[in-house]
Amino acid sequence: MSLATAFKSGDLTLLPSKRDEDWRWTDLRGLIREVPPPSPAFNGETPPGVFDHLAEDFHVLANGGSAQIVADEGELTAVLRFLSANDGTAHAAKVSIEVAAGASLTLLETYEGYGAGYFAQADLTIRLGEGAKLERIVLAGDDAEAISVSQAEVTLAAGSSYAQTVLTDGAKRQRIETRIAHPGAGASVRLDGGYLLRDRRHADLTTAIAHEGVDGTTSQLTKGVVDDQARGVFQGRITVAHGADRTDARMGHHALILSDRAEVDAKPELLIFADDVQCAHGNTVGALDENQLFYAQQRGLPADAARALLTAAFVGEVIDRIEHETARETARAWLNQWLGVGE
Amino acid sequence: MANPRIATQTVEHVERLEAYEHGFVSDIEQEFAPKGLSADTIRFISAKKEEPQWLLDWRLEAFERWQELEEPAWAKVHFPRIDYQDAYYYAAPKTKEGPKSLDEVDPEILAVYAKLGIPLGEQAVLAGVQGAPKYAVDAVFDSVSVVTTFKKELAAVGVIFCSFSEAVREHPELVKKYLGSVVPTSDNYYACLNSAVFSDGSFVYVPPGVRCPMELSTYFRINAAESGQFERTLIIADKAAYVSYLEGCTAPMRDENQLHAAVVELVLLEDAEIKYSTVQNWYPGDPQTGKGGIYNFVTKRADCRGDRSKVSWTQVETGSAITWKYPSCLLRGEGSVGEFYSIAITNGRQQADTGTKMIHLGANTRSRIISKGISAGKSSNTYRGLVSAHPKATGSRNFTQCDSLLIGKDCAAHTVPYIEARNGHSIFEHEATTTRLSEDQLFYAQQRGLSEEEAVQLLVNGFVREVLQELPMEFAVEAQKLVAISLEGSVG
C-alpha cells in the first residue's frame, strides 16, 4: 500500500481504504479524489533543523528523493530530514540504512511541512548486522492539511538492538508504520511512540513485529493525547512464530482524551504460535484524573497549568526512555512547546 | 528452566483426551425438507410450521438479501467453502398430531435426553446435586422443539416459556414486535441465512416486575445427518424483570461438517436483568485428522434498551470444529451494564474465533469482559473483541481482561481487541497475557504430593475460576467436568 504507486498508475482504487483491515481507521481512498500533480524540484534554501548541530552524516530530502546511510564501524550520528515544501503536490522519498555488524548508529529523523496540503510518502529500509545497535528518533511535524505516510521495513540480526521513538503532532491523515523482522537470538527491540493531536488532526502509529526465533525481547510503549476533534490511532501487532520460544514481548498503549469530540482507536494484537513465551499487552483510554487535577489546583496551580503538568508527566514517560541525551532534551522541548509551557 | 519430560508427558496426555461422550446417533424416524436451499425450501419450512403470511414474507425477504451477501473472511478460521445446497434445512422427528405432553413424546427421544443427563420429567432433579432448584427445559431436537417443561408453573406468574413456533402461534404480537429488532435480518451472512431458514428455538417473555421463579434452559441436540440447525431464540425481559437462561448443545460424531447458525436476541427494558449462560459442547471433529465436527457460526446480541438494565453473558466453549461467535451488548439505556465471561477451550484441530462487542451508547454505561482461552493440540484460539464508546456515552467504563494459556508446541493463541473511544469522559482498560502454565507452580503442587494430573487440574481450575463462578450452579457442575475432561492431565 503506498501513495506513490497509486499516484504513478493513476489508479486511486489502489489506495488503502477502511475496508482494508490494516487501514480501517486511516482511510485514504475516501479522502483522495484525484491524482495530485507531482512536486517540483526544490531549489530554495534549507531552513535550519533541530538536530543539525548533532550531524556527523547529514541528509536532506526535499520534495522526495533518495538517500543511503551506512554505519560501517564505530559510532555514527546521522540526521535525516524529509522536507515538503510545496502546496498540494505529491512526492516520494526512499532511504536505505545499513548498520554493519558491531557498529552503532543514532538516527535523528524529522518530517517537516513547509508547504500546505501536500501528499508525502517515505519508504525506509533498515538493516542491522550482528550485534549492531540503532537508536532512531523521529519528530514528525507535518502540515495540518497534509497527507503523509512513512513506512519502515526493519530487519535485525542476532544480538542486535533496535530502539525507536516516534513523536508526532499529526496531519490531516498521517501514518507512521514500522515493520520489524525479529530473529530472536538475543536481539532486542524497544519501540515507543507518542502522539499529541489537536484541532482536526489525525495520526496513526502502526507497528508489526514478527518474532521468528528463540530468545528475543520486545518492549513497546506508546502514549497519546487527543484534544478538540482530533483522532489518534494505535495498531500494534506482535507475532511469535512456531518454535520462537523464550520470547518476552510486552506492549503498552495509553491515551488521554481531552475533549468529547476527540477519538482514540486502538488495536493491540498478540498472535502467538509458540508456548514457552511471556507476552502481554495493556491498553487504557481515559480522561485526566479529576483527583489529580483537584490536588494540583488545590496546591495553587491554575487549572490550565495543572492540566499541562499532568499531561507532560503522562507523555514524559515515553521521552524518558530515549537514550540519546541531547535528543531527549530536544524531544522534551518539543512536548513543552506543544503544551504551551516553558521549562 | 523448562522441564522437557513434563512438557512431553503433558502434551501426550492432552492428545489422549477422553473421547467425545455425546457422539452417539439415535435412530429416530424423521422427516426432512428436500435437500438444498431455495425459496421453495423456505416455503416448505414455513408451511410445515403453519406460519402466518407475514413471517413467510419476512423469511423470503431475508433469503433474497442473503443471496446478495458475501461470506465473512476476517476471522482467523480456515475451512473449505460450504456448499449450502448440499444440506437439509429442516429435519424433524415424526410425531403424532395434537397437543403435546411428555407422555406423547417419542420414548426414543426421551431416551436420548436421559442419556445426555437432561431431566425432562418435572420431578427430576439434576443427578448428583442435592437440593438443586427446579429448572424448566425446552428440548430442541434438530429442527423442532419436542417438549417444554414447567410451562404451567411459569404461566402462573405470567412468564411465557415455549418453543419459538408456539410463540408465533400463541403470541404473534410479541414475536412481531421484537423479532429481528436486535439482530436485523441482513446483520451478517449467517444471521441472514438463519432469518430465512430458522426452524425452532426458545421464546421467553418475563412481564414487568417479575423475577422468573426458576432457571430456564434449552437443550439443543443435532441428530440427523447432512442437516444444519438454525435455531432462533428471543428473550424479552420487561421492566424490572429478571430471568436466568441456560443453553446446552451436543451432536453425534460424524465425518461430515454440520452447520449450526443460530441467532439469539435479548431485549431488556428499564431495570431488567438477563443472565444468559451457555455450555457449548458440539462435536469438535476428529482430534487427529480434523475430520467432521460442527461449524458453530452464531450471532448473539443483547439490547439494553431501558435505563439501568443489565445483561450478563457467560459461555463455556469446549466443542465445535469451528466457533465463530461474539455475544454482544448494545448499552443504550443510561447506566446499563454489560458483562461477558468466557472460557474457550480448543484442542485437537479445533478453531475458535470468539469474543464480544460492548457498544456504549448511553451515558454512564459499564461493561466488563473476562476471557480465558486455553489452546492445546494443533488448535487455534482467538479472542476478538470490540469496545466502543459513542460521543454521548460519557462516564462509561470498560474493563477487559484476556488471558490465554498454551499447552504444547503446535497450538496458537491470539488476542485481537479493538478499542474505539469517542468521548473525553470515559475510561477503558484492557489487559492481556499469553503464557503457559508456570513450571514453578506445577513443581510446587507436585512437590506437595499432588500427581501431575491433579496439579494441572488445580492450576487450570484456578485459571478459569473467575468465569466458572459466574455460572449458575446447575451448569457450573457440568462446566467444571467439561473443562477437566477437555484438558485431562495437561500441561507443561
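Modeller: Two residues are in contact if their C-beta atoms, placed from the backbone, lie within 7 Å. Residues are numbered from 1 along each chain as its sequence is written, while chains get letters from A and ligands get numbers from 1 in the order in which they are written. What you see is a predicted model, where local features need pLDDT of at least 70, side-chain atom pairs count only at pLDDT 80 or more, and totals for chains, interfaces and linings use all residues.

Biologist: How many strands does the secondary structure of chain A come to?

Modeller: Here helices (H or I, at least four residues) and strands (E, at least two) are DSSP runs, numbered from the N terminus. On that basis, chain A comes to four helices. Its strands number 17.

Biologist: Why is chain A as compact as a globular protein of that length?

Modeller: We compare its radius of gyration, taken over C-alpha atoms, with the globule rule, 2.2 Å times the number of residues to the power 0.38. For 343 residues the rule gives 20 Å, and chain A is that compact because its own radius of gyration is close to this, at 20 Å.

Biologist: What percentage of the residues of chain A count as buried?

Modeller: Count the other C-beta atoms within 10 Å of a residue's own (again placed from the backbone): 20 or more is buried, 12 or fewer is exposed, and in between is partly exposed. Chain A has 343 residues, and the buried share is 48%.

Biologist: Why are helix 2 and helix 3 of chain A oblique to each other?

Modeller: Axes are lines fitted to C-alpha atoms, for helices over the stretch in contact, and angles between N-to-C directions run from 0 to 180 degrees. Under 35 degrees counts as roughly parallel, over 145 as roughly antiparallel, 65 to 115 as roughly perpendicular, and the rest as oblique. Helix 2 (residues 290–298) and helix 3 (residues 303–320) of chain A have axes 9 Å apart. They are therefore oblique to each other, packing at an angle of about 125 degrees.

Biologist: Which residues in helix 3 of chain A meet helix 2 of chain A?

Modeller: From helix 2 of chain A come A:Gln292, A:Leu293, A:Ala296 and A:Gln297. Facing them in helix 3 of chain A are A:Ala303, A:Ala306, A:Arg307, A:Leu309 and A:Leu310.

Biologist: And how many nonpolar residues are in that contact of helix 2 with helix 3 of chain A?

Modeller: Ala, Val, Leu, Ile, Met, Phe, Trp, Tyr, Cys and Pro count as nonpolar, Asp, Glu, Lys and Arg as charged, and the others, Gly among them, as polar. The contact of helix 2 with helix 3 of chain A has two polar residues and one charged. The nonpolar ones come to six.

Biologist: At what angle do the axes of helix 3 and helix 4 of chain A cross?

Modeller: Helix 4 of chain A covers residues 325–339, and its axis comes within 10 Å of that of helix 3. Helix 3 and helix 4 of chain A are therefore roughly antiparallel to each other. Their axes cross at roughly 150 degrees.

Biologist: How many residues of chain B are in contact with chain A?

Modeller: On its side, chain A puts in 32 residues.

Biologist: Which residues of helix 8 of chain B are buried?

Modeller: Helix 8 (residues 189–197) of chain B is mostly covered, with eight of its nine residues buried. Those buried residues pack against several elements of chain B, including helix 2 (39–48) and strand 13 (293–304). By name, they are B:Tyr190, B:Ala191, B:Cys192, B:Leu193, B:Asn194, B:Ser195, B:Ala196 and B:Val197.

Biologist: Is B:Gly333 buried or exposed?

Modeller: B:Gly333 sits in the loop between strand 16 (328–331) and strand 17 (337–346) of chain B. Its C-alpha atom is 4.6 Å from that of B:Gly306, 27 residues apart along the chain. With 25 other C-beta atoms within 10 Å, B:Gly333 is buried.
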